[in-house]
Amino acid sequence: MNTQITRRGFLAGSAAGATAFLLVGVGANGATAAGPAEAKALNPFVKIGSDGTVTAIVKHFEKGQGPATGLPTLIAEELGVRMDQIRYEFAPSNPELYANLAFGKFQGTGGSTAMANSFMQYRTAGAAAREMLLMAAAKDWSVDASKLSIEDGLIKGPGKSASIGEFVIAASALEAPTAPKLKDPADFKLIGNSKVRRLDSEIKSNGTAMYAMDLHLPNQMIAVIKRPPRKDGLAMSFDDSSSNSVKGFIRAAILPNKAGVAVYAENTWAAFRAREELEVEWDMSKAENRSSEQIKSEIMSALEAKPTYNVLKNEPGPMEKAEKTVEKTFYFPLLAHAPMEPLNCSIEATEDGGILLHDGCQFPTGPHSALAQIFNLPFEKVQIKTMLAGGSFGRRATPTADYQVEAALAFILTDRSRPVKLVWSREDDLTGGYYRPAFGHKVKVGLDSKGDIIAWEHRIAGQSIMKGTPFESFSVHDGVDHSSVEGVSDTPYRIPGQSVGLTDTPKATSLLWWRSVGHTHTAYVMEVMMDLAAKTAGKDPLAFRLAYLKGDKNQDRMAGVLKLAAEKGNWGKAAEGRSQGLAVHKSFGSYVAEVVEVSGNAEDGVKIEKVTCAVDCGIAVNPDIIKAQMEGGIGYGIGHVMRDQITLADGEVEQFNFPDYEPLRINDIGAIDVHIISSAEAPTGVGEPGTPPAAPALANAISAASNDLHIASLPMSENGVSFS
Amino acid sequence: MTITLQLNGDAREVDAEPGTPLLWVIRDELKLTGTKFGCGVASCGACTVHLDGDPVRSCQTMIEDVGEAQVTTIEGLDSKAAAALQQAWVELDVPQCGYCQSGQIMSAVGLLTVNQNPTAEEIDDHMYGNACRCATYQRIRAGVQRAAEIMEG
């Protein structure tokens, strides 16, 4: 990942009276961008009104993970304003200006990269704005700019003080500095300040926050899609005579790709009702018809055969010399993301003959390109207005832009005089495809007479998420999809004799990354096996792990969080009647260790009493948001392994709504205590890294409480564990 | 059919078919979008409103059953408990994606109205039906307790 940027400033003054704006930006030089940034490939991030109000243009969407606070913080810090003097706006879709620097020329949020790729870019934008304002004031006041500073939105100089708003117009006529001076981290007031609050808490606490679901465009129609009962069925014909009796039903039409029938209505309830009444004849000849058992048996067979890929390209360790061995086979089911806000978006025609999409849009460049193609428009005639998103966990970012394409296909069947708002129900969400793939692992660990690892034979089988998508070139090398093996093949543990085999299994329904991607299963296997190996060696799980975390900074940072979580979680000193488990994992550049403390046991009922977490994510820009992301990531990881899975019966998804896919509830989990390692390293991810260690730490705690029941198939509730 | 709703202190006439959930009347007809659609089967609590002060799931409350009851949505909250909860939610930065939080607050107002000093266990028992996929539960618990403190003054 390349998070360096070219500091090429620019200034585009559109200053006129009270609405004067100062636009400042820096050129993007993405990892795979075509050549170095040119002056015209600019990236505006800062707007300042003549009243001194600063607006940060946020290129990452806000699904709760915090960029609508974090990115403005970077600008406010360097510019010299308070957090109550800055607001945010989501950037329009424009990959020339707003690319994710970790993704090449592609605008989007994912891989826990929002802060990592924006840290220098947004600081530089804020610093450039500061220098321009100071130059303008210096000229006006006839003093040297070095005598001036900006504090709390005021330009201060010898005997003088003025709002930054007063110099916006003058500043906008100046040339932007190419390399503005950034603050010394020792002088940070906002970055690293745990008192900085989220900018979106108030609107999210009083009902005024606007999600895409809340949009009512004038004269809009609601569209819902009747989809085939099994993936890849095709709509052949329909009978809407019963739907006609539903007041508010407008009409139904088969989507151009036959993937379903669009039902149009005046309101959402009428659309749902009319869809229920609609009879559709499906061609199911190419539809998914397998059951979960078959998908599982394909994966399990693959684990027994010679792996297709020798991921580390090495010889396996000397298992035959092992004094003791321990072996385990794991299975992970399909999982749905189920963000709280069901998928939806609205499409309307614009007066200039273009198309405008309103969406809690995670990957603008994907739907932007897809819509341009569908409507046969030049790229610049498509606009995307990004709104708040009610969660995602990966679901709003599909390589196929699935729901935006559905909305576009529903819209193209109309005369385009009325905006179309596509709405998914919760049933659509759980049955409509895109799941964390099922995966299997088989691991055999060999220990010598001293209980040290001499061989670690690890096989993985499952469906590649990235192959066949535009992201293939990022993730797939020599046939190996890194997202299938991440967390195993690149573990910071220095494991002697580790070998990793991978076999891709046949396509089963539609698959997608899910909060922490491959780490959702690899962390579980690594950390349950570490416990099993420690147990087999007769060693303490903490000391056993630390023995393989000696080396350079990578190992030190992993050991650092492990030790801190153990210390803060009172490792080895569980209260009476309680049991502990620990796990540590590196993902998205961040290191997270967790100690889970439970009461009860698998047979009588497990209660999750307490989770202690330590995280090293480099510079902690907003410590409280980092803590919140750890809390949420832990809950997300634990909730699903407790009792959730998506299963297929002859191709049909068997879970329809939350009662069949029970979310983590408030009474499922006790206190979560998060500790952040102080660090001067560049910031790394926080949205996902809290999730991977949570499930194995829970599994290890349950194992300690339940006669070494090392749970190898998930969900736990289906594999011998009850919860109280 | 035309129905008169007592909503947030006002009488509002709406045109809705019998069997229409109150949720969709509030959101689509009256355009009060603070009340959220999450599941439609009373399993997530995102659509929680008050009927005569008691939290109910508006997705499973049919419009013809509302009658003369006073309907309160997040937009119409006006009580000491509500103000304390909203203050606590901002102080503690409870929301992440925020989509469930209107419902969380509506449920919590119901709790603090009848129990001004709830224990953690009482909070869990009362809030059990309000799902949060971001798992902000720890802060919800702390937020309710902080609001109780604020109310004590």
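**Figure 1. Chain A is divided by the domain assignment into domain 1 (9-187), domain 2 (212-285 + 343-423) and domain 3 (292-335 + 435-718).** The domain bounds come from an automatic or database domain assignment. This is a predicted model, in which local features need pLDDT of at least 70 and side-chain atom pairs count only at pLDDT 80 or more, while totals for chains, interfaces and linings use all residues. Residues are numbered from 1 along each chain as its sequence is written, and chains are lettered from A and ligands numbered from 1 in the order in which they are written. The model scores ipTM 0.98 and pTM 0.95.

**Figure 2. Chain A as a whole contains 16 helices and 30 strands.** Chain A has a radius of gyration of 27 Å, close to the 27 Å from the globule rule for 724 residues, so chain A is as compact as a globular protein of that length. The radius of gyration is taken over C-alpha atoms, and the globule rule is 2.2 Å times the number of residues to the power 0.38. Helices (H or I, at least four residues) and strands (E, at least two) are DSSP runs, numbered from the N terminus. Along the principal axes, the C-alpha atoms of chain A fill a box of roughly 80 × 70 × 45 Å. Of the 724 residues in chain A, 60% are buried. A residue is buried if 20 or more other C-beta atoms lie within 10 Å of its own, exposed if 12 or fewer, and partly exposed in between, with C-beta atoms placed from the backbone. Among the contacts in chain A with a separation of 6 or more, 76% are between residues 24 or more positions apart. Two residues are in contact if their C-beta atoms, placed from the backbone, lie within 7 Å.

**Figure 3. Domain 2 of chain A meets domain 3 of chain A through eight residues of domain 2 and 12 residues of domain 3.** On the side of domain 2 of chain A that touches domain 3 of chain A, three residues are nonpolar, two are polar and three are charged. Ala, Val, Leu, Ile, Met, Phe, Trp, Tyr, Cys and Pro count as nonpolar, Asp, Glu, Lys and Arg as charged, and the others, Gly among them, as polar. The centres of these two domains, taken over C-alpha atoms, are separated by 37 Å.

**Figure 4. An open sheet of five strands in chain A has the order β14-β24-β21-β20-β15, with mixed pairing.** Strands β14 and β15 (324-332) of chain A are the edge strands, each pairing on one side only. Two strands pair if DSSP finds at least two bridges between them. Strands of a sheet pair through backbone hydrogen bonds, either parallel or antiparallel. Strand β20 (residues 439-447) of chain A pairs with β21(A) in the antiparallel sense over nine bridges. Val443(A) has His458(A) as its bridge partner in β21(A).

**Figure 5. Strand β24 (residues 498-504) of chain A is mostly covered, with six of its seven residues buried.** Strand β21 (residues 453-462) of chain A runs parallel to β24(A) and is joined to it by seven bridges. Here Arg459(A) has Gly501(A) as its bridge partner in β24(A). Strand β14 (residues 309-310) of chain A pairs with β24(A) in the antiparallel sense over two bridges. Tyr309(A) has Leu502(A) as its bridge partner in β24(A).

**Figure 6. Chain A and chain B meet in a contact of 49 residues from chain A and 43 residues from chain B.** On the side of chain A that touches chain B, α5 (268-277), α15 (623-643) and β30 (669-676) of chain A each supply at least two residues. Helix α15(A) gives the largest share of that side, seven residues. By class, the side of chain A that touches chain B has 19 nonpolar, 17 polar and 13 charged residues.

**Figure 7. Chain B is assigned domain 1 (2-73) and domain 2 (80-152).** The C-alpha centres of domain 1 of chain B and domain 2 of chain B lie 21 Å apart. Their contact takes 14 residues from domain 1 of chain B and 11 residues from domain 2 of chain B. Strands β3 (48-51) and β4 (54-57) of chain B each supply at least two residues of the domain 1 side, and the largest share, three residues, comes from β3(B). That side of domain 1 of chain B has five nonpolar, seven polar and two charged residues.

**Figure 8. Helix α4 (residues 120-127) of chain B has Ile123(B), Asp124(B), His126(B) and Met127(B) as its buried residues.** The cover over these buried residues includes α3 (101-114) and α5 (137-152) of chain B. Chain B averages a pLDDT of 97, and 100% of the residues score at least 70; pLDDT is the predictor's confidence in each residue, from 0 to 100.
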